[in-house]
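Me: Hi! Could you walk me through the charged side chains in this one, plus whatever the record marks?

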Amino acid sequence: MKRHGILNSHISKVLSDLGHTDLIVIADAGLPIPSDVPRIDLALTLGVPSFKDVVSAVSEDMVVEQVILASEIKEKNEETLTYMNDTFSEPEQKFVSHEAFKQLTKQAKVVIRTGEVTPYANCILQAGVIF
């Protein structure tokens, strides 16, 4: 058994397989997931696990070069935006419309679905490199 890091074998494998500029999505419970993109469904009950819990675990294990958020988060979910700003102070942040965000999910290697039920609690993380 692993001593540190992500214990979920599916997430651990996805992170290990990522190449530079690959995308992963961490989604709230309501984000539509394209049928041809693999889904890792962590949702247990409303709010569990939270978006923040999953982002925190993934960000500790992944080199993130860019964070993409829906621009609607600025007005509809300031608390989550503040969390994202605090968590990702280094990588570039990019804002797109929620419709454009949903289109970008089609390019993701995986969508990790949380139990989050607050508006626009979704992000796309673009993989960076350690060198």
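Predicted model: local features only at pLDDT ≥ 70, side-chain atom pairs only at ≥ 80, totals over all residues.

Me: Great. Which residue does UniProt give as "active site"?

Reply: The unreviewed UniProt entry puts that feature at His 20.

Me: Where does His 20 lie?

Reply: His 20 is in the loop that runs between α1 (9-17) and β1 (23-27).

Me: What is His 20 in contact with, leaving aside its neighbours within four places in sequence?

Reply: With those set aside, His 20 contacts Glu 65, Ala 127, Gly 128 and Val 129.

Me: Switching topic: how many salt bridges are there?

Reply: The count is four. One of them joins the side chains of Lys 13 and Asp 17, at 2.6 Å from N to O.

Me: Where do Lys 13 and Asp 17 lie?

Reply: Both belong to helix α1, four residues apart, which is about one turn of the helix. Lys 13 and Asp 17 are both exposed.

Me: What about Arg 113, which residue does it form a salt bridge with?

Reply: Arg 113 pairs with Asp 41, and their closest N and O atoms are 2.9 Å apart. This pair links distant parts of the chain, with Arg 113 in strand β5 (residues 110-113) and Asp 41 in strand β2 (residues 39-41), 72 residues apart.

Me: Is Arg 113 buried or exposed?

Reply: Arg 113 is buried, with a relative accessible area of 19%, and the cut-off for buried is under 20%. Asp 41, at 40% relative accessibility, counts as partly exposed.

Me: Nice. What does Lys 102 pair with?

Reply: Lys 102 forms a salt bridge with Glu 99, with 2.9 Å between the closest N and O atoms. The two are three residues apart in helix α5 (residues 98-104), so about one helical turn separates them. Lys 102 is partly exposed, at 22% relative accessible area.

Me: Last one, Glu 116. Where does it lie?

Reply: Glu 116 is in the loop between β5 and β6 (123-127). Glu 116 is buried yet has no salt bridge, and the nearest side chain of opposite charge, Lys 52, is 7.4 Å away.

Me: Then what does the side chain of Glu 116 make a polar contact with?

Reply: Its partner is the side chain of Thr 118, at 2.9 Å. Beyond four places in sequence, Glu 116 also touches several residues, including Asp 28, Pro 49, Phe 51 and Lys 52.

Methods. Residues numbered from 1 in each chain as written. Heavy atoms only, no water. UniProt positions renumbered as here; feature names shortened; annotations may be inferred. Contact = heavy atoms within 4.5 Å. Buried < 20%, exposed > 50% of the residue type's maximum accessible area, 1.4 Å probe, protein only. Lys, Arg positive; Asp, Glu negative; His and termini not counted. Polar contact = N/O pair within 3.5 Å; in protein donor to acceptor, adjacent residues only side chain to side chain.
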